[in-house]
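Have the sequence and the model side by side.

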Amino acid sequence: MEVKTIVSHTDLVLSHLKSRRAGAETMEAAKMIASLQSQRVSLIQERDDFLNQRKEASAIVGQLLRDDKDNTNEEKVETQKALSAAAAEEAQTAEAALEEIHSAMDALVAGIPNLLDDNVPDGDDDTQNLEVSRWGDVD
């Protein structure tokens, strides 16, 4: 099952899991995946913001160095370098958190069974299925 399906159709997934008589742990895993997905999206935005800050600070450093023939902008250059380094470090922290969330989501998704087809009758096992027709030699 895909994370996208679980997140966008959580109620449907929970309903199907209930029909499959899934345990409370499986039901909670589906809910947790939806929660982790929202954290994942926030972290991606945060990481991208930090990467953008690093890019902008690096561009300013380059511009200052090109324009500074007599080394008067050295303090500004060092300030921008520090901002760039701090943004890069924050981006790496966000990336590490993203990797943890991905690992947790993968583990949770692996424990969730596929959805049942709507034509599958409700019941504990196949002995409760309604026999519609027989075909072939059945002994």
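What follows takes the helices and then the pocket.

The model is predicted, so local features need pLDDT of at least 70 and side-chain atom pairs count only at pLDDT 80 or more, while totals for chains, interfaces and linings use all residues. Residues are numbered from 1 along each chain as its sequence is written, and side-chain values use heavy atoms, without hydrogens or water.

Start with helix H2, residues 10-19. Helices here are DSSP runs of H or I with at least four residues, numbered from the N terminus. Thr10, Val13, Leu14, His16 and Leu17 are its buried residues; buried means under 20% relative accessible area, exposed over 50%, with a 1.4 Å probe on protein chains only. They line one face of H2, because they fall within an arc of 165° seen down its axis. The arc is taken from the directions from the helix axis to the C-beta atoms. Asp11 and Lys18 are exposed on the other side. H1 and H3 are among what covers the buried residues of H2. After H2 comes Arg21, with a positive phi near 60°.

Now H4, residues 74-110. Its 37 residues reach 54 Å from first C-alpha to last, close to the 54 Å expected at 1.5 Å a residue. Its buried residues include Val77, Ala91 and Val109. The buried residues of H4 pack against H1 (3-8) and H3 (24-67).

Last, the largest pocket. Ser19, Leu116, Val120, Pro121 and Asp122 lie nearest its centre, among 14 lining residues.

Terms used
Helices (H or I, at least four residues) and strands (E, at least two) are DSSP runs, numbered from the N terminus. The expected span of a helix is 1.5 Å times one less than its number of residues. Contact means heavy atoms within 4.5 Å. On a 1 Å grid over the protein atoms alone, a cavity is a set of points where a 1.4 Å probe fits but cannot get out, and a pocket is an open set with protein on both sides within 12 Å along at least five of seven lines; lining residues have an atom within 4 Å of a point.
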